[in-house]
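Here's a quick look at where the side chains pack in this one. Have the viewer open as you read.

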Amino acid sequence: MLDALNITKQSINLPVETLFHATSHGTGVSGESGYVAEGTVEAGKPYALSKRVLEKEIGNGHQRTLDVLGFQVGTEMNANEIAVKNADGSSLCTAVERPYPKCCHSLITTADGVSTTTHYDTGFHALKGMYESGNIKLQSMRKSAIPDTDLMGMHVTDAGDTVDDHVHTTWPSTLSEQLKLLNESPYADSLYYHDMKLRFMITGVDNPDVNSDLAKASNHRGLVRMVVLRPLSKRARLRHEGASNQPVINHGYMANWDTDLFFSKKRMLGGPIDASMDEGHPYGDVVTTYGLPRNVGEKGYRRSKDEILCQDSSDVHYGHVVPYENMKVEHDLSPFQVMTSPINRKDYAVISDKSFHLDVQHHGVGSQRVENVTIPFRMKARFAGRKAGTQISPADEDDNGTMEISFQDANLTDVTDDEPLNLTSKPVIMFLSMDQKLSIEVEGYTSISEC
């Protein structure tokens, strides 16, 4: 039918990021919030290196280690800080929602006129692959975007450079008309996301001889766990107040990656999770969530049993536990215990969770394995059209001297809002490696088509 009507639907395979900052083996430098930049940092490398976050003695002079390397789909997500009030309106604390891991980043500091750039290695990288504002084909698939002249067969120009004002007429030019269109047809500006297909080339690059030279590849079959997960959004409940009949929305806070990633009924406070408690402690049977360590020499964190509830009845989080900044206590788990910890499925949806050994090819070559991952989206993603620009004064008149508009409006710019409105969370691919450092090469794409 579409062929008969001469209607074509464009599609694109949007590539993911394949170049990363690689931190070579070296002496640790103290850094931001427990994250450390080790040795030499090189940008634009076609591979990512894992970060060692935990070491434990296992006897007879041997150590067990844990490395982590992860990729967050899309651009880096930052923490959300929310002011929390008491019932009387006074300030209580600050809630911190951090459902995603902090990705590798650089900070520029200036002292005595000299700028210094410090890179912080967190073990996680932004994979992108969801939307690229500069991709002209992707823009041309959006109903709200102004087509790029490179993709148009014919266009009218003024003085040879400026595209004529009437080239694009299928989308409103003012904010009010755009809002009306999106209210009447919420999916007027949308794209269909199919699947993200990824391939990871995993290589062990740790020298088993006392970890002395990372340039050599290891020969032993390292144990690796690959988890694909995404944060769960809290269910929102809607009620109406009896007196005013006003709608009231209530929902809980998002999880915190540092304290809520894992949950196991076997890990009680009276066991290995807290070295200061024994089995006979009054709280020895309490089970709590916990997270990954950030760096060797710094322990991971578990959620504290001391909870604070939101008491402000006007807050959308009223009655829910507040994830305040200091709501964490150090845990004392070993690499094996962290490696085998179940994901906290109350706060995270698990797409895939598997463990495997790296295969030994032959003597002298590093242990290697190829893993293919498919992340299903299969949804129509809504966008908010184009961004508003200059205000239109209510006093504007048309050629007849009558009021053109009766309220304050705004013209639309040529810049589109590129964050999907109904994409609840972005997946994270995490690799945990025991007794072996990893190097991972990534390739893949996201299939997107026009609606």
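## Ground rules

This is a predicted model, where local features need pLDDT of at least 70, side-chain atom pairs count only at pLDDT 80 or more, and totals for chains, interfaces and linings use all residues. Numbering runs from 1 along each chain as its sequence is written, and side-chain values use heavy atoms, with hydrogens and water left out.

## The cores

A nonpolar core here is a set of buried Ala, Val, Leu, Ile, Met, Phe, Trp, Tyr and Cys residues joined through side-chain atoms within 4.5 Å; buried means under 20% relative accessible area, exposed over 50%, and partly exposed in between (1.4 Å probe, protein chains only). The largest such core has 37 residues, with Phe71, Phe200, Ile429 and Phe431 making the most contacts inside it. Strands (DSSP E runs of at least two residues, numbered from the N terminus) that each supply at least two core residues include β8 (62-73) and β26 (428-434). The top contributor is β16, with six residues.

Leaving out residues up to four places away in sequence, Phe71 touches (heavy atoms within 4.5 Å) Phe20, Phe124, Phe200 and Ile440, among others. A second, separate core of 26 residues includes Trp257 and Met434.

## Helix α2

Helices are DSSP H or I runs of at least four residues. In α2 (residues 175-184), Ser176, Gln178 and Leu182 are buried. They share one side of α2, because they cover an arc of only 160° around the axis, taken from the directions from the helix axis to the C-beta atoms. The buried residues of α2 pack against β24 (386-392) and β25 (409-416).

## In the loop

Val316 sits in the loop between β20 (301-303) and β21 (328-330). Val316 is partly exposed, at 33% relative accessible area.
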